[in-house]
Amino acid sequence: MAADLPLLPPQSPATGVELIQIGAPDDEPCLRADAARNRAKLLDAAARLIAEHGAAGVTMEAVAAAAQVGKGTVFRRFGDRNGLLAALLDHSERQFQAAFISGPPPLGPGAPPVERLRAFGVAVLRRTLDQLDLMAAAEPSDERRFAAAPRRALHAHVAMLLRQQVPQADSELLAHTLMGYLSPVLVHHLAQQCAMPFERLEAGWLDLVARVTGTGAEN
């Protein structure tokens with residue numbers, strides 16, 4: 001996993017949403033080249049551990065051993081296990097935000113808003129299922145869930161698309177409704193505990209968008 005992506009600049013007001021930074025404000029851009037390589041090495045090791053053993057297998061000691069560095073190096077770089085998990089999600093979030101803010105359509109600009117909403121939800125579902133263990137381990141507490149930076153970024157994007165598609169609606173509240181369907185907690189329940197296949201989750205999202213926006217899923 002590469003971890004030296006540059007911070008994207010805030011988008012202009014015309015895009016309706018800006019990239020919300022998750023990590024420390026001056027984290028990646030100011031790293032020396034050797035520090036950036038070490039950070040990437042540690043995140044690569046952590047990602048391998050998650051792929052092999054799940055998030056429970058990610059301890060500071062295990063990451064240090066996998067990356068062949070001292071345990072103190074991991075603690076100095078990330079602070080604690082929560083900081084390490086947050087850094088992994090931060091990298092993934094930067095990539096995903098870049099895709100829906102400035103990537104190719106229909107997820108990125110250039111497609112009608114309802115098409116972007118459909119593509120957005122499908123992409124979130126795929127990403128959540130791919131990283132379900134990591135997201136569950138790093139899920140914010142109840143009092144922080146709606147204020148967390150990643151949630152605010154996704155909510156702002158959905159609200160913007162709703163304003164474009166159904167300007168007469170309360171886009172802020174409707175965005176919460178749509179985002180509720182994409183909650184990692186709900187996706188975990190549906191996919192793991194209810195054994196629902198991805199195709200059913202995708203169809204449910206498309207149906208929800210069609211009902212909220214008053215459009216047919218085929219339009």
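Me: Which residue's side chain does the side chain of Arg76 join in a polar contact?
Reply: Thr73. The polar contact between the side chains of Arg76 and Thr73 is 3.3 Å. Keep in mind that this is a predicted model.

Me: Where does Arg76 lie?
Reply: In helix 3.

Me: And is Arg76 buried or exposed?
Reply: Arg76 counts as exposed, because its relative accessibility is 67% and the cut-off for exposed is over 50%.

Me: OK, staying with helix 3. At what angle does helix 2 pack with it?
Reply: About 115°. Helix 2 covers residues 60-67, and helix 3 covers residues 71-78.

Me: How far apart are their axes?
Reply: The axes of helix 2 and helix 3 are 8 Å apart. In general, two packed helices are described by the angle between their axes and the distance between the axes.

Me: Left-handed or right-handed crossing?
Reply: Right-handed, where helix 2 passes helix 3.

Me: Which residues meet there?
Reply: From helix 2, Met60, Glu61, Val63 and Ala64. On the helix 3 side, they meet Lys71, Val74, Phe75 and Phe78.

Me: How many residues of each class is that?
Reply: The contact of helix 2 with helix 3 has 6 nonpolar and 2 charged residues. It has no polar ones.

Me: New topic: His155. Where is it found?
Reply: His155 is in helix 7, which spans residues 149-165.

Me: Buried or exposed?
Reply: Buried. The relative accessible area of His155 is 9%, so it falls under the 20% cut-off.

Me: What does its side chain reach at 3.0 Å?
Reply: The side chain of His155 reaches the backbone oxygen of Glu172.

Me: Which residues does His155 touch?
Reply: Leaving out residues up to four places away in sequence, His155 touches Glu172, Ala175, His176 and Met179.

Me: Now zoom out. How many helices and strands does the chain have?
Reply: There are 10 helices and 0 strands. From the N terminus on, the elements read α-α-α-α-α-α-α-α-α-α.

Me: What percentage of the residues count as buried?
Reply: 42% of the 219 residues in the chain.

Me: And what share of the contacts links residues 24 or more positions apart?
Reply: 66%, taken over contacts in the chain with a separation of 6 or more.

Me: Last one. What does the accessible surface come to?
Reply: About 11000 Å² for the chain. Carbon and sulfur atoms account for 55% of that surface.

How values were computed: Residues are numbered from 1 along each chain as its sequence is written. This is a predicted model: local features need pLDDT of at least 70, side-chain atom pairs count only at pLDDT 80 or more; totals for chains, interfaces and linings use all residues. Side-chain values use heavy atoms; hydrogens and water are left out. Axes are lines fitted to C-alpha atoms, for helices over the stretch in contact, and angles run from 0 to 180 degrees between N-to-C directions. Helices (H or I, at least four residues) and strands (E, at least two) are DSSP runs, numbered from the N terminus. A crossing is left-handed if the near helix is turned anticlockwise from the far one by less than a right angle, and right-handed if clockwise. Contact means heavy atoms within 4.5 Å. Ala, Val, Leu, Ile, Met, Phe, Trp, Tyr, Cys and Pro count as nonpolar, Asp, Glu, Lys and Arg as charged, and the others, Gly among them, as polar. Buried means under 20% relative accessible area, exposed over 50%, partly exposed in between (1.4 Å probe, protein chains only). Accessible areas come from the Shrake-Rupley method with a 1.4 Å probe; for residues, only the protein chains shown count as cover. A polar contact is a pair of N or O atoms within 3.5 Å; within protein, one must be able to donate a hydrogen and the other to accept it, and residues adjacent in sequence count only if both atoms are side-chain atoms.
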